[in-house]
Amino acid sequence: MQQIREPFKRTCKMTTHSLDAFQVIADQSRRQMLMMLSKDSMTINAIAENFDMSRPAVSKHVKILYNAGFISITDIGRERHCVLNQDGFDELQNFINYFDKFWANKLGKLQSLLNNKLKN
């Protein structure tokens, strides 16, 4: 029987502090895991085969990605399959969109100023 585990939190609790989306992707191993999962879903064991770290260490990284909403985990038989999940990327995209608008506005004002200078 197949079970789907949905992320229940948007932040990952680690000992005494929470990780935001940027802290989650700050780790190079987790970024590599996300890149691998962008190609196809993978079991935790298949992910672990690509890293020079222990299986428990890989599981810890996977748990962080899961708790932050970057991946979903589906149990199929005895295997746990990891799949990318949009939720974790939303915080990143909102941050980037804010600064896209900020810089577009600044560059628009600069362009307007330069156009006025050329007319004079």
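1. The largest nonpolar core has 23 residues, and Ile 47, Val 58, Val 62, Phe 70, Ile 71 and Cys 82 touch the most other members. A nonpolar core here is a set of buried Ala, Val, Leu, Ile, Met, Phe, Trp, Tyr and Cys residues joined through side-chain atoms within 4.5 Å. Buried means under 20% relative accessible area, exposed means over 50%, and partly exposed lies in between (1.4 Å probe, protein chains only). The elements giving two or more residues to this core are helix H1 (21-26), helix H2 (28-37), helix H3 (44-48), H4 and E5. H4 gives the most, with 5 residues. As general background, nonpolar side chains tend to be buried together in soluble globular proteins.

2. A word on the basis of all this. The model is predicted, with local features needing pLDDT of at least 70 and side-chain atom pairs counting only at pLDDT 80 or more, while totals for chains, interfaces and linings use all residues. Residues are numbered from 1 along each chain as its sequence is written, and side-chain values use heavy atoms, with hydrogens and water left out.

3. For orientation, the chain has 5 helices and 6 strands, in the order β-β-β-α-α-β-α-α-β-β-α from the N terminus. Helices (H or I, at least four residues) and strands (E, at least two) are DSSP runs, numbered from the N terminus. Of the 120 residues in the chain, 32% are buried. Among contacts between residues at least 6 apart in sequence, 58% join residues at least 24 apart; contact means heavy atoms within 4.5 Å.

4. Phe 70, one of the core residues named above, deserves a look of its own. Leaving aside neighbours within four places in sequence, Phe 70 is in contact with Ala 21, Val 24, Ile 25, Leu 34, Leu 65, Val 83, Leu 84, Asn 85, Gly 88, Phe 89 and Leu 92.

5. Helix H4 covers residues 55-67, and its 13 residues reach 18 Å from first C-alpha to last, close to the 18 Å expected at 1.5 Å a residue. The expected span is 1.5 Å times one less than the number of residues. The buried residues of H4 are Val 58, His 61, Val 62, Ile 64, Leu 65, Tyr 66 and Asn 67. Just after H4, Gly 69 takes a positive phi of about 85°.

6. Arg 55 belongs to H4 and is partly exposed, with a relative accessible area of 35%. Beyond its neighbours within four places in sequence, Arg 55 is in contact with Ile 44, Asn 45 and Ala 48.

7. Why is strand E5 largely enclosed by the rest of the structure? Strand E5 (residues 71-76) is largely enclosed because 5 of its 6 residues are buried. E5 runs antiparallel to strand E6 (residues 79-84), joined by 6 bridges; two strands pair if DSSP finds at least two bridges between them. Ile 71 stands opposite Leu 84 in E6. The hairpin of E5 and E6 has 2 residues between the strands, and Gly 77 takes a positive phi near 65° there.

8. E6 also pairs with strand E4 (residues 42-43), in the antiparallel sense over 2 bridges. Here Met 42 has Cys 82 in E6 as its bridge partner.

9. How many salt bridges does the count come to? The count is 1, taking a salt bridge as a side-chain nitrogen of Lys or Arg within 4 Å of a carboxyl oxygen of Asp or Glu. The side chains of Asp 75 and Arg 80 form this pair, at 3.3 Å from N to O. Asp 75 is buried, at 11% relative accessible area, whereas Arg 80 is partly exposed, at 31%.

10. A last pair to inspect involves helix H1. Gln 23 is found in H1 and counts as partly exposed, at 35% relative accessibility. The C-alpha atoms of Gln 23 and Ala 68 are separated by 10.0 Å, although these residues are 45 apart along the chain.
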